[in-house]
Amino acid sequence: MLSCKEATHLVSEGLDRSLTLPEKIQLEMHLAMCKGCRNLKSQMSFLRQACKSYLAQEKGQTDSTRSR
Amino acid sequence: MSAAEGFVVDDEMLAGVRRDMLKFASLQLRDETLAEDVVQDALVAALKNGRQFAGRSALKTWIFAILKNKIVDQIREKCRTTNVSAISPEEANMDEAFERLFKENAHWTPEARPRDWGNPEESLREKRFWIVFDACLKHLPENTARVFMMREFLEFDTNEVCQELSITASNCHVILHRARNGLRRCLEKNWFMEGVQTC
């Protein structure tokens with residue numbers, strides 16, 4: 001049975017490589033039972049989304065300063 | 001042949017793009033002077049090209065693509081002289097703080113259990129969120145931040161990051177894990193739970 005600490009590593013690595021099937025199954029089983037780690041997974045996915053929006057956000061800010 | 005017909009690269013627009021570029025480059029390189037140089041190089045390279053652009057955002061995308069390459073060159077240069085895999089005292093502190101989030105059985109302590117951030121996407125539209133986000137990024141130790149930014153901002157895949165920085169894949173995963181945990185803890189504390197945990 002995966003611990004929360006181990007789950008955090010798999011969640012993070014899942015953003016950088018394909019997890020193996022056994023890893024996926026273990027992680028899914030853990031997530032199904034653990035709200036904290038489900039939140040962690042959403043948080044880490046959100047970080048990626050935020051980084052992707054970073055440059056777009058800069059653009060938005062410049063646009064708004066220009067139209068003032 | 002400096003600008004496309006119907007679209008003029010004016011000074012005001014350029015100043016805005018330049019400001020964004022500087023901020024981006026400074027975050028990545030953590031060296032203002034170096035950031036200035038890189039931005040200057042990228043702008044010169046982008047504009048002397050005389051390519052035609054469909055508009056502002058096309059120009060900006062093009063300039064940032066060049067900027068990213070210039071930043072990568074600098075990172076390569078820097079990495080010849082630094083050992084990215086060596087753990088700094090700040091990084092050791094982060095790792096100790098991470099260990100303290102768990103009980104002996106390696107499950108979350110009640111206080112450390114990650115919270116539900118609701119609809120965090122809504123924050124992306126708020127200017128204040130980005131101020132906190134920047135502060136949290138700056139708060140990451142240098143090497144940790146560098147690996148994270150190469151992965152997430154310069155969009156290298158993990159193998160490329162390992163190659164560029166001469167670190168092993170498992171080291172790379174450890175560093176990214178450290179960066180993500182540091183960032184999410186920082187955002188949780190300073191943005192998502194701000195004002196919630198008053199005691």
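Tutor: Here is a walk through the contact, with a word first on confidence and then on each partner.

Keep in mind that this is a predicted model. For the complex, the predictor reports an ipTM of 0.86 and a pTM of 0.85. Chain A has an average pLDDT of 86, with 82% of its residues scoring at least 70. For chain B the average is 87, and 90% of the residues score at least 70.

Now the contact itself. Chain B puts in 50 residues and chain A puts in 38 residues. Between them they bury about 3,900 Å², and carbon and sulfur atoms give 61% of that area. On the polar side, the interface of chain B and chain A has 15 residue pairs in polar contact, counting pairs with both residues at pLDDT 80 or more. Who supplies the chain B side? H1, H3, helix H4 (89-99), helix H5 (127-139), helix H6 (142-152) and helix H8 (169-192) of chain B each give two or more residues to the side that touches chain A. H8(B) gives the most, with 10 residues.

Side chains of opposite charge can pair when their charged atoms come close. The structure holds 17 salt bridges over all chains, and six salt bridges are found across the interface of chain B and chain A. Take Glu99(B), which forms a salt bridge with Lys5(A), the closest N and O atoms being 2.5 Å apart. That pair crosses between chains, running from helix H4 of chain B to helix H1 of chain A. Another salt bridge joins Arg151(B) to Asp16(A), with 2.6 Å between the closest N and O atoms.

What do the records say about the partners? In chain A, an unreviewed UniProt entry annotates residues 4-38 as "domain: Putative zinc-finger". In the model that span is 77% helix and 0% strand, and its end C-alpha atoms lie 10 Å apart. For chain B, UniProt (unreviewed entry) places "domain: RNA polymerase sigma factor 70 region 4 type" at residues 133-180. Residues 133-180 of chain B are 79% helix and 0% strand, with the end C-alpha atoms 12 Å apart.

In the contact, 13 residues of domain 1 of chain B meet 15 residues of domain 2 of chain B. The two domains of chain B bury about 1,300 Å² between them, with carbon and sulfur atoms giving 61%. Leu27(B), Gln28(B) and Arg30(B) supply 45% of the area that domain 1 of chain B buries against domain 2 of chain B, more than any other three residues.

The rule finds two salt bridges across this domain interface of chain B. There is also a salt bridge between the side chains of Arg76(B) and Glu164(B), at 2.5 Å from N to O. Six residue pairs are in polar contact between domain 1 of chain B and domain 2 of chain B, both residues being at pLDDT 80 or more. On the domain 1 side, helix H1 (11-29) and helix H3 (56-79) of chain B each supply at least two residues, and H3(B) has the largest share, seven residues. H1 and H3 of chain B are also among the elements that touch chain A.

Methods:
Residues numbered from 1 in each chain as written. Chains lettered and ligands numbered in written order. Heavy atoms only, no water. pLDDT = per-residue confidence, 0-100. UniProt positions renumbered as here; feature names shortened; annotations may be inferred. Helix = DSSP H or I, 4+ residues; strand = E, 2+ residues; numbered from the N terminus. Contact = heavy atoms within 4.5 Å. Buried area = accessible area lost by both parts, 1.4 Å probe. Salt bridge = Lys/Arg side-chain N within 4 Å of Asp/Glu carboxyl O. Polar contact = N/O pair within 3.5 Å; in protein donor to acceptor, adjacent residues only side chain to side chain.
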